[in-house]
Amino acid sequence: MKTVIAQALFKSHSYLEYRKLMADLLKEGKSTAVEQTEERTHYSELNETRMHRLDKTMKITEANSAKLKTLNKSYLWVVLTESWCGDAAQIVPILNKMVLEANQKIELKLVLRDENEDLMNYFLTNKSKAIPKLIIIDKATGSVVGDWGPRPQGAIDLIESYKEKYGVIDETAKTELQLWYLHDKGVSTQNEIIQLLQHLE
């Protein structure tokens, strides 16, 4: 797996590079998708707006900020993402802000799912290539020590409950999911990842 991760890192982006890539592609009417569709470009446009808002307004809680500042180990976070993914648009800005709070103990690298199929296949969720997927690497050993994603438990429960009731994931479900993220303010994602980090420490 180390070779696959190294190959992915060769094509990786910092958060600011990823945001610029999204914006530049949208100017051309494109998304990060290998197979370009109008639908994926449309979702990328929505996600650009969401991420811009989260970059400005989303806050790490005081309790979580304190925990991030006292990490003992150093980590590399590799995140599988795509510009058209609604969950990624909600979660990747949170990950970036957590990294900024962590006193340089965490480095963030974003990699595109469809360009890194071998890596994605190591981290499937119920046999699907669900993103975003956070892969946590201990910098001292270079070993993968944990992973998280594609969404926090509350969001998972919402989607599973909707699918059970209606049998499909449609636009209404996607809207309900985005509203859940809006009300949650990124706290569930922060809490779950902090819990994972504390376990690793």
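The legends below describe close-up views of a predicted model.

**View 1. The salt bridge between arginine 19 and aspartate 55.** The closest N and O atoms of arginine 19 and aspartate 55 are 3.1 Å apart in this salt bridge. Because arginine 19 belongs to helix 2 (residues 15–27) and aspartate 55 to helix 3 (residues 38–57), the pair ties together parts that are 36 residues apart in sequence. Arginine 19 is buried, at a relative accessible area of 10%, whereas aspartate 55 is partly exposed, at 28%. Arg19 and Asp55 also belong, with Glu48, to a network of salt bridges.

**View 2. The salt bridge between lysine 129 and glutamate 117.** The two side chains meet with an N to O distance of 2.6 Å, and the pair links distant parts of the chain, with lysine 129 in the loop between helix 6 (117–122) and strand 3 (133–138) and glutamate 117 in helix 6, 12 residues apart. Lysine 129 is partly exposed, with 32% relative accessibility, and glutamate 117 is likewise partly exposed, with 42%.

**View 3. The surroundings of asparagine 64.** This residue lies in helix 4 (residues 62–69) and is buried, its relative accessible area being 3%. Its side chain makes a polar contact of 3.1 Å with the side chain of glutamine 190 and another, of 2.9 Å, with that of asparagine 191. When residues up to four places away in sequence are not counted, asparagine 64 touches Gln190, Asn191 and Ile194.

**View 4. A nonpolar surface patch.** Met1, Tyr122 and Val144 together make this patch of about 260 Å². Valine 144 is placed in strand 4 (residues 143–148) and counts as partly exposed at 31% relative accessibility.

Definitions and conventions: Residues are numbered from 1 along each chain as its sequence is written. This is a predicted model: local features need pLDDT of at least 70, side-chain atom pairs count only at pLDDT 80 or more; totals for chains, interfaces and linings use all residues. Side-chain values use heavy atoms; hydrogens and water are left out. Patches are made of residues with over 30% relative accessible area and no salt bridge: like charges are joined within 9 Å, nonpolar side chains (Val, Leu, Ile, Met, Phe, Trp, Tyr) within 5 Å. Accessible areas come from the Shrake-Rupley method with a 1.4 Å probe; for residues, only the protein chains shown count as cover. A salt bridge is a side-chain nitrogen of Lys or Arg within 4 Å of a carboxyl oxygen of Asp or Glu. Helices (H or I, at least four residues) and strands (E, at least two) are DSSP runs, numbered from the N terminus. Buried means under 20% relative accessible area, exposed over 50%, partly exposed in between (1.4 Å probe, protein chains only). A polar contact is a pair of N or O atoms within 3.5 Å; within protein, one must be able to donate a hydrogen and the other to accept it, and residues adjacent in sequence count only if both atoms are side-chain atoms. Contact means heavy atoms within 4.5 Å.
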